[in-house]
Amino acid sequence: MSPIPAPPKRALLSVIPIAVILFVLPLLIAPYQVTLLAYGLIFAIAALGFNLLLGYTGLLSFGHSAYFGMGAYAVAFIVKYLKITSMEVFLLGGVLASAAIAALFGFLCVRYTRIFFGILTLALSQVLWSLAFKFYWVTGGTDGLRVPTPSLLGVQNPAGEEKMTFLAHRYYYYVLVIFLVGAAVMWVIVHSPFGKALQAIRDNETRAEFVGVQVWRYRWVAFLVSGIYTGLAGALWVPLNGLTTPDILHWTFSGKIVFFTVLGGFQTFMGPVIGAVVYNYLETYAVGHTVYWQMVLGVVLVLLVLVLPAGIAGTAGRLLLKLRRAV
Amino acid sequence: MALLETKSLTKYFGDTHAVDHVDFSVAQGELLALIGSNGAGKTTLVNLISGLLRPDSGTILFQGADVTAMSVHDRIRAGIARSFQLVTVFDQLGTLDNVGLAIFAREGKTWRLLSLANSDHAVSEEAFEMLREFGLEGKASLSAGGLAQGERKLLDVAVAYALRPKLLFLDEPTSGVSTREKAPIMDIITSIVRSGKITAVIIEHDMDVVFRYSDRIVVMHEGAILADGTPDEIRRNEQVTTTLLGTSPSQ
């Protein structure tokens, strides 16, 4: 009998406690803390998408702000021009818009690799940023566009309910469910035959070609899926933030996505998720405590590259392995 | 009819005539060795036939059909597979996954995004069976990057073999392994190739290996075919022995 690998029971078992904690946490911590966690989970969705390219396909994008911003602006346009405030319509619009732009940009970018790929993704995202910046009569320019509290699953927010209460409860759970489903789907994708093909491309492009994998088509689909995840995150982010400005289309926001993916560890599935949540707290507290917060983040980044190149998840995994061997 | 035939196949790199009007053919079912000194054009010829390089001129016929302009992907579909001189396995994937991926690709299943690879038991079973044939079943769960050089060589061949090709090119399957390991590796490869009724072309430097395992030998020299014959004929060919082996037949 061959040792057919067991179904993903073990992976599932390790996720259940985390999911339970995420469900119970809003009952225990202050509403503001819950919204921070919601931000973290939203960035985690973006990071999961981003890491399909970096960790699994071996492509470093410096332009993921484009898809995040596209998701966010699609929502703002839906409010501005269609006067619709349904969250489900927001998500649909955000996903379709980011998918369209990812399909186009991906088509142009995936024929290149390494620095050429990175620079091209960056340049294309900057085009979107400049459009959002210049066409102020459409995009609101630097003032941005406001997005009101949406209805969730057709249920309007009761009149008089505080926005914070809404965000820290109903909206948090909405985000949490989408995050869990999104993470589960991504987990399946990276363990699917398609995911294996991506990893083969990452490990050796030429050899993958000679196994019959049409490299650029797979990269393009990976790019598309990656863009959709990031766009979904953008659409979820706007109602939480209440406002979208060109800042989230700027390449420095792409840099943040890279940052928290590296912080968490791009060689593991959970790394980017952990990195996104941790980064969000780190930035919030650094901004709150010192005007030199960018320096704090800079030092963290330098330390990360020098001391923990495997990121939080990668390093924790190694420590656990050592511990197990020692016992 | 020959399984594969090249007609006046030519590839120049600047002034270097890497492959110069070569008429090369492979008959169905044979195990052919392609030999020659470094720079003779062996690997370039295989690169042209497998689609890694485009020829400057000439045609490639596979099973009578012109495949000269075909993409790599279509050539693999037609039944041409290869391994590489420098080992090229997927290091971070598991050993089983390396072979499994080739099977998924062969069956057109690599576009499945929403099903787990290891839930396809037919593919896992076949991949494991293939590892067993290559003597790698004990390494199934290791990542390919952690294998020893000889094992990686075998895995490289196994990945190509898993595509179930009609014609398999093996570019120096024993390079970089110790002399002691060469015979076992070649024994495994040749027995699998013969039992699978695959036509194979092996590029090899080790003359012991070449003479012992091949049905026919084609000798290349400076981009052209110098000689073509059975091992006995090649051994007796004076032109070959002086240019290639640097010895006379009596030695």
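I began with β6(B) and strand β7 (residues 167-171) of chain B, which pair in the parallel sense over three bridges. For one of the partners I looked up B:Ile80, whose bridge partner in β7(B) is B:Leu167. I note here that the model is predicted.

I then followed the sheet across. It is open and has six strands in the order β6-β7-β8-β3-β9-β10 (chain B), with mixed pairing. Which strands stand at the edges? I find β6 (80-82) and β10 (224-229) of chain B there; each has a single partner strand, so one side of each lacks a neighbour in the sheet. On average, neighbouring strands of this sheet are turned by 20° against each other, direction ignored.

**Entry 2, chain B, four-stranded sheet.** I went on to an open sheet of four strands, ordered β2-β1-β4-β5 (chain B), where the pairing is antiparallel. The edges are taken by β2 (16-26) and β5 (65-66) of chain B; since each has a single partner strand, one side of each is left without a neighbour in the sheet.

B:Phe62 has B:Ala65 as its bridge partner in β5(B). What packs on this sheet? I find helix α1 (residues 42-50) of chain B, which touches β1 (4-13), β2 and β4 of chain B. The direction of α1(B) makes about 65° with that of β2(B).

I count nine helices and 10 strands in the secondary structure of chain B. Its C-alpha atoms fill a box of roughly 55 × 40 × 35 Å along the principal axes. The radius of gyration of chain B is 18 Å, which agrees with the value near 18 Å for a compact globule of 251 residues.

The secondary structure of chain A comes to 14 helices and two strands. Its radius of gyration is 20 Å, close to the 20 Å of the globule rule for 327 residues, so chain A is as compact as a globular protein of that length. I noted a box of roughly 65 × 45 × 45 Å for its C-alpha atoms, taken along the principal axes.

I looked up helix α4 (residues 87-109) of chain A and helix α5 (residues 114-134) of chain A, whose axes come within 10 Å and cross at roughly 145°. The crossing of α4(A) past α5(A) is right-handed. From α4(A), A:Phe105, A:Leu108 and A:Cys109 meet A:Phe117, A:Leu120, A:Thr121 and A:Leu124 of α5(A). By class, this contact has six nonpolar, one polar and no charged residues.

I read a mean pLDDT of 88 for chain A, with 97% of its residues at 70 or more. Among its elements, helix α10 (residues 215-241) of chain A has the highest mean pLDDT (95), and helix α6 (residues 136-139) of chain A the lowest (80). Over residues 1-7 of chain A the pLDDT is below 50, and this stretch has nine contacts in the model beyond near neighbours in sequence.

Definitions and conventions:
Residues numbered from 1 in each chain as written. Chains lettered and ligands numbered in written order. Predicted model: local features only at pLDDT ≥ 70, side-chain atom pairs only at ≥ 80, totals over all residues. pLDDT = per-residue confidence, 0-100. Contact = placed C-beta atoms within 7 Å. Axes fitted to C-alpha atoms, helices over the stretch in contact; angles between N-to-C directions. Left-handed = near helix turned anticlockwise from the far one by under 90°. Nonpolar A, V, L, I, M, F, W, Y, C, P; charged D, E, K, R; others polar. Pairing = 2+ DSSP bridges. Rg over C-alpha atoms; globule rule 2.2 N^0.38 Å.
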